Amino acid sequence: MVKKVNKHTIYLAILWTFYLMVFAFVITLFVLIAKGRLGFMPTFEELENPKTNLASEIYTDNGDLLDKFFIENRTLVDYEDLSPYLVDALIATEDVRYNRHSGIDVRSLSRVVVKSLLLGQDAGGGSTISQQLAKNLFPRDTTQNKTKVGRAAHMAIVKFKEWNTAVRLERSYTKKEILTMYLNTVPFGGEAVIGIKSASRTFFDNSTDSLKLEEAAILVGMLKAPTRFNPYLNPDNALKRRNIVIDQMVKYNYLDSLVADSVKQIPVRSYYNIAGHMQGKANHFRTFLRVSMNAERPVRSDYPEYGEERFRRDSIRWAKDPLYGWIIKNPRPDGSSYNIYRDGLRIHTTINMKMQEYAEQSMEEHLSGYLQPAFFEEKKGRENAPFEDIEEEDIERTMTRAIRQSERYKKLRGRGMPEDSIMMIFDQPREMSVFSWEGLKDTVLSPYDSIRYLKHILRAGFIAMEPWSGHVKAYVGDHNYRYFQYDHVTQGRRQVGSTVKPFLYLLAMQEGVSPCKQIPLVPISFQVFDSVYTPRAPGANSNAGKYVTLKWGLANSHNWVSAWLFKNYNPESVILLMRKMGITSRIDPVPSMIYGPSDVSLEEMVGAFNTFGNQGIYVTPVYVTRIEDKYGNIISTFKAQENEAISEETAYLMISLLKDVVNRGTAGRLRWFYEFSGEIAAKTGTTQNQSDGWFMGLTPQLSAGVWVGGEDRSVHFDELGMGAGGNMALPIWANFFDKVYADSTLGITQEALFQKPEGFYVNLDCPDVSEKPSSTDYSDF
């Protein structure tokens with residue numbers, strides 16, 4: 001007789017069989033996932049050392065953060081550096097049982113399954129902080145499935161992978177470590193702000209350990225939707241979300257309700273300084289640093305046919321400058337290369353943030369407040385403006401070259417558009433925003449006219465360095481990096497004008513000639529091939545035919561005195577002296593050398609002049625003191641290379657002559673207008689047609705130089721009075737030092753004196769101009 005089986009028993013058997021099958025399936029799935037059979041799973045080593053893109057940080061001379069190089073703007077922070085408000089807000093909002101589970105919160109997960117799948121209600125997220133960290137460290141496979149079942153199955157596998165990884169993370173790290181890793185990897189708005197340290201600095205200009213309660217609540221609230229709850233872009237949304245986070249902290253006993261009610265009344269305030277190479281201070285310097293460190297070894301075939309000179313300069317720099325090509329020159333122990341965008345390097349520079357700000361302000365004040373308006377006024381209504389001294393065909397050639405260098409042209413050309421069609425587009429007016437000193441200006445112009453308008457804008461460069469260490473304290477490659485990215489400190493080379501003259505005088509003094517030596521002030525002629533060349537002397541020559549001293553010639557920058565020096569002393573020796581003082585640019589030993597026609601960088605000129613104030617010792621400009629890895633281990637250190645270029649006595653003698661330039665020469669406005677009382681040795685410089693204005697100024701504690709001019713040499717003032725170096729460049733130097741002297745924290749004063757060689761004496765008390773030669777012998781010193 002067959003015994004009847006109870007239906008309930010059959011039901012239970014089937015149910016248990018189903019449970020066992022599901023359990024077996026889950027176990028099998030976990031095993032397959034753990035072994036990587038269903039796609040990528042991190043190894044134990046990868047869990048111990050997860051790879052993240054860490055931004056390299058650039059620091060100023062006193063350790064303040066200047067900026068970062070990054071693909072993802074992420075910087076690590078330790079648990080000890082997290083505000084307690086931040087930790088409490090995160091746990092209360094994202095994972096209240098964080099300290100009681102082992103990676104998966106079964107209660108929370110069950111709630112999500114029941115409410116979301118069975119009741120169709122919003123139950124919030126079920127992911128723990130450990131699961132979210134797993135997703136951040138090892139991003140999901142985003143492969144799309146066409147069918148609904150396929151998408152569900154794919155998502156189920158993804159979730160199982162995250163659970164598996166979360167549990168393994170819990171076994172490998174402490175709770176504090178997991179929470180810190182999560183905050184270091186979470187995005188707060190694209191790749192520009194990743195990690196809590198970047199977010200704290202971006203939105204509140206604050207460090208993570210100093211975040212206030214209301215700030216911490218806002219940042220935690222942003223985790224749900226970074227853009228929607230961005231306190232700068234959407235302050236109302238951010239306020240509501242912040243208060244929800246605060247309520248969560250009260251609910252789970254992390255915060256007293258009275259404190260919460262008080263804090264919820266505080267309005268949302270956001271700083272929002274988004275990082276990027278277009279923002280911040282010292283933009284040109286940061287670009288110079290990035291390009292220098294990533295430079296490759298110069299190879300002649302990589303340069304254009306006419307690039308021999310640039311190849312020569314780069315080869316010299318590769319051989320002598322440890323910062324140039326640092327990435328290639330300093331491989332890791334395993335032979336691989338560092339990456340400044342991913343490896344979290346810490347680059348400690350010589351830049352002083354206060355001086356950098358003063359330099360940028362001084363340049364903008366002079367150009368926007370005085371020089372640029374005067375230039376616009378002078379060129380107003382002129383058909384060929386801003387160009388002078390060139391024919392119409394030369395103007396069109398200049399403009400065509402500028403068009404072809406523009407981003408618009410390159411994009412259109414890249415799409416295969418023919419040249420004539422591109423030029424038609426450049427002639428069509430359209431709405432656009434263009435640069436102005438008051439901010440972006442909305443207007444209607446053709447792209448051609450917008451480029452011609454920008455040709456009116458005067459450009460400038462500024463650099464300041466310590467005389468003894470070579471440490472560069474301020475570096476301004478130009479104003480407004482967004483529009484003018486060409487660097488006039490190290491990248492640009494322009495004719496140096498009269499700033500070359502001290503080197504001519506230097507050779508004579510090296511050979512024992514006294515600055516009081518008298519020579520007749522008459523034109524000097526040179527035989528150049530089949531013609532005769534006689535240098536001009538602009539301005540009034542009331543002393544022509546009389547006898548003048550060399551020191552008078554330098555103070556007044558007189559070309560006839562420079563011509564006499566050139567004719568009586570070997571110009572090749574002058575060039576050799578300039579080489580010893582750091583000038584590597586090409587210089588031709590021709591009579592026109594007295595005008596400074598050679599193209600030299602501002603960095604080279606300031607470095608060479610700095611030798612005079614450093615007792616004759618040339619020191620290379622230094623931009624970085626050390627580079628560390630992400631753990632703070634020092635990889636490289638840097639210091640100036642020194643070279644005794646001239647004697648200490650000759651250097652001090654040149655300082656004495658250059659002080660005369662300030663006291664009674666072409667830089668006299670430093671005394672009578674700016675009223676500086678301290679020791680200053682300086683030289684102005686102006687090139688032909690006022691295309692370039694230079695000013696080199698030395699003080700006992702700081703050397704600095706300025707260049708000002710148009711983008712093209714044909715863009716310049718009409719008259720010497722406006723276009724001279726003393727009017728174009730000197731005021732930037734003066735404004736900068738006025739701010740520096742006023743800031744007592746910098747320790748730079750007008751009481752400092754140039755160091756005089758022990759036992760050195762030379763008589764410079766001699767008449768500048770005489771009707772006939774003096775009977776006093778000043779030949780030796």
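Reader: How many of the 17 residues of H25 are buried?

Author: This is a predicted model, and here a residue is buried when its relative accessible area is under 20%. Helix H25 is largely enclosed by the rest of the structure, because the residues that are buried number 13 of the 17.

Reader: What distance does helix H25 reach from its first C-alpha to its last?

Author: Helix H25 covers residues 648-664. At 1.5 Å a residue, 24 Å would be expected. The model comes close to that, with a reach of 25 Å.

Reader: Which element gives the largest share of the largest nonpolar core?

Author: The largest nonpolar core holds 144 residues, and those touching the most other members are Phe462, Phe503, Phe612, Leu670 and Phe736. The largest share of this core is nine residues, and they come from H25.

Reader: How many residues are in the second, separate core?

Author: Among the members of this second core are Val87, Ala216, Ala217 and Val245. The core is separate, and its residues number 44.

Reader: Which strands stand at the edges of the five-strand sheet?

Author: This open sheet has mixed pairing and runs in the order S2-S1-S3-S15-S16. An edge strand has a single partner strand, so one side of it is left without a neighbour in the sheet. That describes strand S2 (65-69) and strand S16 (634-637).

Reader: Which residue in S15 is the bridge partner of Ile347?

Author: Strand S3 (residues 346-349) pairs with strand S15 (residues 624-628) in the antiparallel sense, over four bridges. In S15, the partner of Ile347 is Ile627.

Reader: At about what angle to S2 does helix H12 run?

Author: Helix H12 (residues 283-293) lies across strands S1 (56-59), S2, S3 and S15. Relative to S2, H12 runs at about 45 degrees.

Reader: And in the three-strand sheet, which residue in S12 is the bridge partner of Pro520?

Author: The order in this open, antiparallel sheet is S9-S12-S21. S9 pairs with strand S12 (residues 547-549) over three bridges. In S12, the partner of Pro520 is Tyr547.

Conventions:
Residues are numbered from 1 along each chain as its sequence is written. This is a predicted model: local features need pLDDT of at least 70, side-chain atom pairs count only at pLDDT 80 or more; totals for chains, interfaces and linings use all residues. Side-chain values use heavy atoms; hydrogens and water are left out. Two strands pair if DSSP finds at least two bridges between them. Helices (H or I, at least four residues) and strands (E, at least two) are DSSP runs, numbered from the N terminus. Contact means heavy atoms within 4.5 Å. Axes are lines fitted to C-alpha atoms, for helices over the stretch in contact, and angles run from 0 to 180 degrees between N-to-C directions. The expected span of a helix is 1.5 Å times one less than its number of residues. Buried means under 20% relative accessible area, exposed over 50%, partly exposed in between (1.4 Å probe, protein chains only). A nonpolar core is a set of buried Ala, Val, Leu, Ile, Met, Phe, Trp, Tyr and Cys residues joined through side-chain atoms within 4.5 Å.
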